[in-house]
Amino acid sequence: MMLPLPAVLDVVLSAGIAALIVGVFGSALLWVLRARPIGVQLAVVASATVLATAAGIVVITLKMYVSTHDRDVAVTVVAVAGLVGLAVSWMLGRRLAMANRALVDAVRSEPFVRPALTLPAELGELSLELEAAYRRLAEAHEREQALEKSRRELVAWVSHDLRTPLAGLRAMAEALEDGVVDDPQTVARYHSRIRVEVDRLAEMVDDLFELSRIHAGTLRLSRQRVGLDDLVAEAVAGAEPLARAKGVRVHGSAARGLPLEVDSTEVGRALRNLVTNAIRHTPSDGSIEIVGAVRDGRVEVTVEDACGGIPADDLPRVFDVAFRGETARTPGGGGGAGLGLAITRGIVEAHSGEIGVVNTGPGCRFTITLPLAGP
């Protein structure tokens, strides 16, 4: 038997009002406890939901049931169901609180290790992101430490390299000023030596300026279309006087017609640094081979010398700022400040290229890889 429409509306309105009152109190309590743990807030949400439902059912029961026994049974069932719902929500809140606590403990630990506890999907995703972030931070910290170590080495090496020529320049200048040397041959030799030392200092300052631009990200590239064979030929020609003085043979070859979109001045400097470095560490009567070719759709330039090889422990540090090998590649008096290879790497990477070194045969092989220009 269907109830009259007014009675149905009265029951619905009464149940709705009861549920609304409980919901308002629950919302107010949730706002007051907004800074409390998530488990407490979940308990409030679950309690408000269960109580709102129970209040509506109780109102309906009181409105519709006439028998006291039926009302008692209905209220008892609602109470039991509400208690079960509250227990389930409490268990869920406790599990979430435990998962959250495990994640917080993992974040506070050093280093960060993902909790072994099975986390809810959202917390599990957050845990993965935190693990990746901590890994990136660790890598950045390692790079920062390596960079700081390189800076200290650079300051030490530059201070050492500047002290010697400056002391020599001062001694020769004082000798000329005081008239200690007056014969024309000695004076001419002093003047020539002063010019050589000044050129060496100017080259060192130029290297420092170039390296500072690379590290600061202010290296401006004027790209233009050039041929790989032209770059290799210029590198060989520029290194010829130094190679002849050292008694080292330099050979270069590159496939013709391989275009590059690069800053020819900067890439030329990078190649000259590699060739000059190879000449310094290759004994007399040794040979250096420069080869340019295409491999896997990219231009590859190799500089192979006869330096005797680089210790395996030093290979990863060859391109570090101010790094100098302790055995076969220890520079002599004109070895520079150890910035050439670091500058070369910066120039190559600025052109979206890569550089590497391996030991091979009587020496080692430096390889530069650059993108091939499009049609």
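Q: Phe-25, is that one buried or exposed?
A: In this predicted model, Phe-25 is exposed, because its relative accessible area is 62% and the cut-off for exposed is over 50%.

Q: Which helix is Phe-25 in?
A: Phe-25 lies in H1, the helix running over residues 5-32.

Q: And which residues form the nonpolar patch on the surface?
A: Leu-13, Ile-17, Ile-21 and Phe-25 form that patch, and together they have about 430 Å² of accessible area.

Q: OK, switching to the inside. How many residues has the largest nonpolar core?
A: The largest nonpolar core has 36 residues, and Leu-260, Ile-290, Phe-366 and Ile-368 have the most contacts inside it.

Q: Which elements supply at least two residues each?
A: On the helix side, H6 (228-246), H7 (264-281) and H8 (340-350) do. The strands are S3 (259-262), S4 (287-295), S5 (298-304), S6 (354-360) and S7 (363-371).

Q: Where does the largest share come from?
A: From H6, with seven residues of this core.

Q: What does Leu-260 touch?
A: Leaving out residues up to four places away in sequence, Leu-260 touches a list including Val-226, Leu-228, Leu-231, Val-299 and Leu-370.

Q: What's in the second, separate core?
A: That core has 12 residues, among them Val-158, Ile-214, Ala-342 and Ile-347.

Q: New topic: where does Ser-192 lie?
A: Ser-192 is in helix H5, residues 184-216. Ser-192 counts as partly exposed because its relative accessibility is 34%.

Q: What separates the C-alpha atoms of Ser-192 and Glu-354?
A: A distance of 40 Å, with the two residues 162 residues apart along the chain.

Notes:
Residues numbered from 1 in each chain as written. Predicted model: local features only at pLDDT ≥ 70, side-chain atom pairs only at ≥ 80, totals over all residues. Heavy atoms only, no water. Helix = DSSP H or I, 4+ residues; strand = E, 2+ residues; numbered from the N terminus. Buried < 20%, exposed > 50% of the residue type's maximum accessible area, 1.4 Å probe, protein only. Core = buried A, V, L, I, M, F, W, Y, C linked by side-chain atoms within 4.5 Å. Contact = heavy atoms within 4.5 Å. Patch = residues over 30% accessible without salt bridge, like charges linked within 9 Å, V, L, I, M, F, W, Y side chains within 5 Å. Areas by Shrake-Rupley, 256 points an atom, 1.4 Å probe, with all protein chains shown as cover. Salt bridge = Lys/Arg side-chain N within 4 Å of Asp/Glu carboxyl O.
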